[in-house]
Amino acid sequence: MLISMYLLCRRGRNSTMSFSRLATPSGTFRLCVIPVRAAHAAPAVAAVPVKAEELDNPGFFQKIALRFKGIPLKGELHRPKSMFDDCDKEWFAPESLPAMPKDYKEHPDRDLVNFPYPERQMYAPKTRMLMIPNSWMTPFEKVTGTSGPYVFFGGLFAFMVNKELWVFEEQGHMLCGWILFYLLISRTVGYRIDKYLYGEFQNRMNYFKGLIADDLKEAVEFRKNSAAETESLNAIKEKFPVIFKENMELQLEAAFRANVEQVATEMKRRIDFLHETEATKARFERDHMVKWITENVMKEVDQKAFKDQFMQTCIQQLQGLSAQK
């Protein structure tokens, strides 16, 4: 169903600014036809079933269409992943952000009633027509009904454009294109983008949580070491007199043993000296006695009577030996 709106405008002095722009300089009429299609005018186009012969021997463009629809070709065991599988999907986080504990205070004097902690919202606030917050529309609906806020903001927009309080520049028409581009991106790959950004956010948060865990681990280890050192110092403080006494006894025992060792070393040195002295004296006396005996014997041997007597004794012994043979 098409509804045509006809605007017949004629340029004149009393005409408004916006309608005067629709009239030609010559004063003729300008006809503007705006087709509007009603929602109930045409039924939704039913999905055309894929024929069996198209799957057996599809053409080039048919293959492309089947790929876009995610229908497997002949011989394929799995359904191909289509780029439109995630279209018109709404992404929701698997888990919500942790809520702030109600009894948490970084300082006892914190006024949580007048100055509460700001909380990060999990999702953006609801809007209408892509840019009008829902909180602006709700108060009007309570008084004027559902169409009241749309009429108000639409009239306000028309008034600002009419009085040129909101001026469109030469590239103002590109706003419609950007809105369509936003709708196209958000409805096609918005689900994947949100899912990817959430994964990157979780990885970033896990990285910072790891840093915090490492810092806490070092702090806990430092606290444990400090507690152990404190306990050891307290034990030393309690047992210090006994420890001091034992240390003094150990030092005295070490000094006594060192003195005993020094005395033993000195006694051994003196005994060794006396032993060497007696041994030297005995060796000197022996050498002197041997020398004296040797000199006296040699003197006796040098005498002639002793030589003759010695020679006679030798001859007799030789004769005795020859007679025995």
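This is a predicted model: local features need pLDDT of at least 70, side-chain atom pairs count only at pLDDT 80 or more; totals for chains, interfaces and linings use all residues.

User: Is F157 buried, exposed or partly exposed, and why?

Analyst: Burial is read from relative accessible area, and the middle class lies between 20% and 50%. F157 has a value of 37%, so it counts as partly exposed.

User: Which nonpolar patch does F157 belong to?

Analyst: It's a surface patch whose members include F157, L130, W166, F168 and Y182, and together the patch residues have about 1100 Å² of accessible area. Helix 5 (148-162) and helix 6 (174-188) each supply at least two of its residues. Helix 6 gives the largest share, five residues.

User: Now for charges. What should I look for in a salt bridge?

Analyst: Side chains of opposite charge can pair when their charged atoms come close. This structure holds seven salt bridges. One of them joins E141 to R128, with the closest N and O atoms 2.5 Å apart. That pair links distant parts of the chain, with E141 in helix 4 (residues 134-144) and R128 in strand 3, 13 residues apart.

User: Are those two partners buried or partly exposed?

Analyst: One of each! R128 has a relative accessible area of 17%, so it is buried. E141 is at 26%, so it is partly exposed.

User: What else does R128 touch, leaving aside its neighbours within four places in sequence?

Analyst: R128 is in contact with N134, M137 and Y150, as well as with E141.

User: Which residues are linked in a network of salt bridges?

Analyst: Look at E266, R269 and R270. The side chains of E266 and R269 meet at 2.4 Å, N to O, while those of E266 and R270 meet at 3.4 Å. E266 and R269 both lie in helix 8 (residues 240-302), three residues apart, which is about one turn of the helix. E266 and R270, also both in helix 8, are four residues apart, again about one turn.

User: How exposed are E266 and R270?

Analyst: E266 has a relative accessible area of 31%, so it is partly exposed. R270 reaches 52%, so it counts as exposed.

Technical notes:
Residues are numbered from 1 along each chain as its sequence is written. Side-chain values use heavy atoms; hydrogens and water are left out. Contact means heavy atoms within 4.5 Å. Patches are made of residues with over 30% relative accessible area and no salt bridge: like charges are joined within 9 Å, nonpolar side chains (Val, Leu, Ile, Met, Phe, Trp, Tyr) within 5 Å. Accessible areas come from the Shrake-Rupley method with a 1.4 Å probe; for residues, only the protein chains shown count as cover. A salt bridge is a side-chain nitrogen of Lys or Arg within 4 Å of a carboxyl oxygen of Asp or Glu. Buried means under 20% relative accessible area, exposed over 50%, partly exposed in between (1.4 Å probe, protein chains only).
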